[in-house]
Amino acid sequence: MASPIDASKGVQTPNSFRWFQLFVGIICMVMIANLQYGWTLFVDPMAKHFGWDRASIQIAFTVFVLLETWLVPIEGWFVDKYGPRIVVLIGGILCGVGWWMNSWLDSLPMLYLAAAITGIGAGAVYGTSVGNALKWFPDRRGLAAGLTAMGFGAGSALTVVPIYNMIQSHGFQETFYWFGLGQGLIVFVMGWFLRSPRKEEVPPAELKKSQTIVEYTSKEMFKTPIFWVMYVMFVLVAAGGLMATAQIKPISNDIKYMGEAIGQIPLTFWVWTQPAIVLALEIDRVLNGITRPLFGWISDRIGRENSMFIAFMIEGIGIGLFAFYAGHSPWVFVLLTGMVFFAWGEIFSLFPSTCGDTYGSKNAAANAGWLYTAKGTASLLVPASSAMADALGGWHQVLLIAAVMNIIAALMAIFMLKPMRQKFFDDQQAALSAGSAPSGQGSPRPRTA
């Protein structure tokens, strides 16, 4: 592709620059991945050190996810208006400060405050990176959003073993301290390289029947039933994945195999021998990352809703199998957790790309941010899952409920979302053909494909 002209400076901007922007966003996502996916390794050490129960500790995880998600629309508005750089710089500082606070906390309120600060920082980085990818790649939204989200899903795979080992050798406080400062510093440095694209710097997207011909503000988006259907689906799928993310280590301690906690049984993979939970977390993080660009790429070709149906059905089946068979052997436990995380991570590429297709690029960061708050809503179920497991005497029923929720979301993708979006686009085109402007911002663009 020829390099577009930067009209504001009179120089050419290489096409490779947008891939550099994508790369920077991915690095930022890798650096905040442990804030969520490394959390499960700290739960039991904190419970043992302070004598706190798991449900109380997991409130901090919910606080983190709530503020990571529910403030993203505001952060996205700043990105759309002022650009991504300043938002990521502030986010990097907050991420470092939050985990630094965890290194010297001595009370639950302090834990919750640190989680709040970390969540605000992580949301700023996450929402900005995904929103910037959607803006730079209108022609490959699924792939770009997937690659960016892959950094968040797989980013912690490289540090699972170092974090686990450092907690064992130096304690969770020192682990929080060094990883928090290191991750925050790298995000702060990388943030200086980010910026939004100018109109002439991105290739014109060849509009398809599943893409909007006008731009929508967040207020206009809220008036469409499609947004709320996607929101409910997002909550249904995210709830099970978040529960697994936060609870997988406690679950591995509760499941017994031959009288021993299944997560602590050593397994040998190639030349490495490590506890089953550590191997599971490494594999889970890799699969959770790979699935994001994979399903993003697939959805660019077979459609968003078809991809959702396949992924969500796999997730529902995977969680159901985990509920019945995870305790049969350590290897079954590892393989089934991998299946669960593989079929969950793709929501973070499928939903943003679907949102961008439906409501346009101009307000993509804010609009995708509002949809991303569904993850925060789903996080409210994480502490509840601990309480339910205690009340029901185990995780079996809790996991089955999560499986059913995913199957419902899969059916909603095909039988609700798909026909609703098709009618949405058909109505736009009919209004344009009739000479009236479809609702939304900007001038309508006729489709070329």
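How far apart should the ends of helix α12 be at 1.5 Å a residue, and which distance do its end C-alpha atoms show? Helix α12 covers residues 276–302, and its 27 residues should span 39 Å, while its end C-alpha atoms are 36 Å apart, which agrees. The expected span is 1.5 Å times one less than the number of residues. Just after α12, Gly303 takes a positive phi of about 105 degrees.

This is a predicted model, in which local features need pLDDT of at least 70 and side-chain atom pairs count only at pLDDT 80 or more, whereas totals for chains, interfaces and linings use all residues. Residues are numbered from 1 along each chain as its sequence is written, and side-chain values use heavy atoms, leaving out hydrogens and water. Helices are DSSP runs (H or I, at least four residues), numbered from the N terminus.

Now let's look at a pair of helices. The axes of α17 and α18, lines fitted to C-alpha atoms over the stretch in contact, come within 9 Å and cross at roughly 135 degrees. That makes α17 oblique to α18 (angles run from 0 to 180 degrees between N-to-C directions; under 35 is roughly parallel, over 145 roughly antiparallel, 65 to 115 roughly perpendicular, and the rest oblique).

| Helix | Residues in the helix | Residues that meet the partner helix |
|---|---|---|
| α17 | 381–392 | Leu381, Ser385, Met388, Ala389, Leu392 |
| α18 | 396–433 | Gln397, Val398, Ile401, Met405 |

Contact means heavy atoms within 4.5 Å.

At 9% relative accessibility, Thr224 counts as buried (under 20% relative accessible area, with a 1.4 Å probe and protein chains only). Leaving aside residues up to four places away in sequence, Thr224 touches Tyr359 and Phe424.

Methods:
Helix = DSSP H or I, 4+ residues; strand = E, 2+ residues; numbered from the N terminus. Buried < 20%, exposed > 50% of the residue type's maximum accessible area, 1.4 Å probe, protein only.
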